[in-house]
Amino acid sequence: MNCLETRESLSAYVDGELPPDRATEVAEHLSSCDECAREYEHVLATVRTLREELVRHRAPDVLRARVRSALREERLAPPARVMRTPGRSWRIPWHVVAAALVVAVASSGITLLARGGRTPQSLLAEEVLTSHIRSLMPEHLTDVRSSDQHNVKPWFNGRLDFSPTVPRLEEQGFPLLGGRIDYVHGRPVAVTVYGRRQHVINVFSWPVDPDGDAAPPPEARHGYNLQRWRRDGMEYWAVSDLNAAELGQFTALLRGSGAP
Ligand SMILES: [Zn+2]
C-alpha cells in the first residue's frame with residue numbers, strides 16, 4: 001500500500017471500518033512511513049478532541065441532530081470530490097464535522113445567553129437546565145441508585161443541611177431512579193430522579209426564605225420543560241424532556257403527595 005492509498009484509508013482505519021486485511025496493510029505502512037504515521041497521529045488527536053467535546057457538550061437533541069446531519073451530508077458527498085484532492089481527502093470529513101460541531105455548540109451557547117432576558121429567575125432556569133443536561137451524561141445521573149425511597153432519602157442525611165422529600169410515585173407511572181447532590185445557585189442542592197418511559201425527570205430542591213409560596217407557569221427551554229414552585233420555605237424545580245402535560249401531571253402528584 002502506498003502513501004496515497006494509506007491516507008485515503010486513514011479515517012476508516014481510525015473508525016475501525018476497514019476489512020481486516022486492508023487494516024493490516026495500513027498498519028504495516030504506518031509502521032514503515034514516518035510521514036503517514038504523523039498524519040495518523042493527527043487524525044487520532046482530532047478524533048479524540050471531538051469525542052471529548054461531544055461528551056462535554058452532551059447537549060440538547062437539536063445539537064446532536066445537527067452534528068448527525070453534518071455527518072450524513074459528508075457521507076453522501078460525491079466521490080468525485082474525494083478523487084480531486086486525493087492526498088487530503090481524509091481530512092475533509094473530520095474538519096467538516098469539527099466545524100459543524102463548533103458552530104452548533106457556539107450557537108447553542110449564544111442562544112442560552114441571549115434568551116430569557118437574563119433575569120435572576122432566567123439565570124437560575126439556565127443553571128437548572130444545564131445541570132439536567134449534564135446529568136444525562138453516562139454515570140452522572142445518580143449518586144445513589146435505588147427505586148426505594150427508604151434508600152434514597154437517608155442517603156441525603158449528613159450530606160445536606162436539609163432533608164428532601166422523596167415520595168414514591170411508581171404506581172402512578174413515575175418510578176424513582178435515585179438521587180444525587182448537585183450545585184445550583186451557588187449551593188449544594190438535592191436532586192431526586194424519576195423516570196417516565198425513556199424520559200428522565202430531575203427534581204431539584206433547596207431551602208429558601210419562607211416568604212410566600214409560588215407556582216409560576218411552566219416554561220420550555222431548548223426542548224425541555226421546566227416547572228418551578230415554592231412551598232414551606234423550599235424551592236423546587238422539575239426538569240425533563242417529557243411533554244408539558246405529563247410533567248404537569250408528575251409535579252401535581254409530587255405536590256399532592258404530602259411534603260412538597
Ligand atoms: Zn506513507
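Here is a short walk through the model, one selection at a time.

Before you click, note that the model is predicted: local features need pLDDT of at least 70, side-chain atom pairs count only at pLDDT 80 or more, and totals for chains, interfaces and linings use all residues. Residues are numbered from 1 along each chain as its sequence is written, and side-chain values use heavy atoms, with hydrogens and water left out.

**The whole chain.** Colour by secondary structure and you'll see 9 helices and 7 strands; these are DSSP runs numbered from the N terminus, with at least four residues (H or I) for a helix and at least two (E) for a strand.

**The zinc ion.** Select it with Cys3 (SG), His29 (NE2), Cys33 (SG) and Cys36 (SG), its protein donors, at 2.1 to 2.3 Å. Donors here are N, O and S atoms within 2.8 Å of the metal (3.2 Å for Na, K and Ca); water is not among the atoms, so sites may look incomplete. Along the chain the donors are spaced C-x25-H-x3-C-x2-C. The 4 donor atoms subtend angles of 100 to 115°, so the arrangement is tetrahedral (four donors, all angles between 85 and 135 degrees). Now check burial: His29 is buried at 10% relative accessible area, and Cys36 is buried at 0%. Buried means under 20%, exposed over 50% and partly exposed in between, using a 1.4 Å probe and protein chains only.

**Tyr13 and Tyr40.** Show these two next. They form a tilted aromatic pair, 5.6 Å centre to centre with 55° between the planes. Rings of Phe, Tyr and Trp (its six-membered ring) pair if their centres lie within 6.5 Å; planes under 30 degrees apart are stacked, over 60 edge-to-face, and the rest tilted. Tyr13 is in helix H1 (residues 3-14) and Tyr40 in helix H3 (residues 34-56), so the pair ties together parts 27 residues apart in sequence. Tyr13 is partly exposed, at 21%.

**The largest nonpolar core.** Select Tyr194, Ile201, Phe204, Trp206, Trp237 and Phe250, which touch the most other members among its 40 residues. Such a core is a set of buried Ala, Val, Leu, Ile, Met, Phe, Trp, Tyr and Cys residues joined through side-chain atoms within 4.5 Å. Apart from it lies another core of 11 residues, including Leu10, Val14, Val26 and Val47.

**Around Phe250.** Leaving out residues up to four places away in sequence, Phe250 touches Leu169, Phe174, Tyr194, Ile201 and Val203, where contact means heavy atoms within 4.5 Å. Ring pairs link Phe250, Phe174 and Tyr194 into a cluster.

Definitions and conventions
Four donors count as tetrahedral if all angles lie between 85 and 135 degrees; four count as square planar and six as octahedral if opposite donors are over 155 degrees apart and all others between 65 and 115; anything else is irregular.
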